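Please look over the sequence and the structure shown here before reading on. The notes that follow are grouped by topic.

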Amino acid sequence: MAVLPTISTSCIVISALLVAYGWYLISRRRIEAHKKVMLTAAVFALLFFTIYISRTLFIGNTSFGGPESVKVYYTLFLIFHIALATVGAVFGLVTIWTGLKDQRARHRRLGPITSIIWFGSASTGVVVYWLLYVLYPGGQTTSLIKAVLGF
């Protein structure tokens with residue numbers, strides 16, 4: 001089992017669970033508790049990102065090790081996940097900013113959208129992890145471009 005990918009995937013799952021709990025808290029009008037939980041969720045997301053970037057820079061990324069017949073589907077799914085995660089991160093930063101700046105109307109509009117994108121990103125991230133490290137043996141560890149695009 002790959003230790004760093006397992007830790008980073010766990011961080012993103014914890015982040016998503018905290019976002020769900022934060023959503024529950026705000027539905028109960030527990031604003032301060034919501035704020036603390038959502039900021040903790042952001043810390044776990046940042047921890048994921050730090051581990052991911054460090055691993056990418058210093059070790060590289062693992063290419064898909066499953067059958068060639070599945071590789072094109074995996075690659076399309078991975079690109080979808082990366083796009084979703086990028087959009088989720090941007091939305092997350094803006095949503096946190098509006099919450100901290102007490103721009104409640106904008107925060108209320110963005111929050112549910114951001115949460116849904118974040119859940120999608122976390123879910124697809126777990127599937128990518130599962131495909132790379134659980135269902136199939138990992139391929140070679142290589143540069144990001146080669147791992148994602150296959151060349």
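Helices (H or I, at least four residues) and strands (E, at least two) are DSSP runs, numbered from the N terminus. The model is predicted, so that local features need pLDDT of at least 70 and side-chain atom pairs count only at pLDDT 80 or more, while totals for chains, interfaces and linings use all residues. Residues are numbered from 1 along each chain as its sequence is written, and side-chain values use heavy atoms, with hydrogens and water left out.

**A residue of helix H1**
- Ser15 lies in helix H1, which covers residues 3-27.
- With a relative accessible area of 1%, Ser15 is buried (under 20%, where exposed is over 50% and partly exposed in between, with a 1.4 Å probe and protein chains only).
- Apart from neighbours within four places in sequence, Ser15 is in contact with Ala41, Phe44, Ala45 and Trp118, contact being heavy atoms within 4.5 Å.

**Salt bridge**
- A salt bridge is a side-chain nitrogen of Lys or Arg within 4 Å of a carboxyl oxygen of Asp or Glu, and by this rule the count comes to one.
- Arg104 forms a salt bridge with Asp102, and their closest N and O atoms are 2.8 Å apart.
- Arg104 counts as partly exposed at 41% relative accessibility, and Asp102 counts as partly exposed at 49%.
- Side chains of opposite charge can pair when their charged atoms come close.

**A residue of helix H2**
- Phe49 lies in helix H2, and with a relative accessible area of 47% Phe49 is partly exposed.
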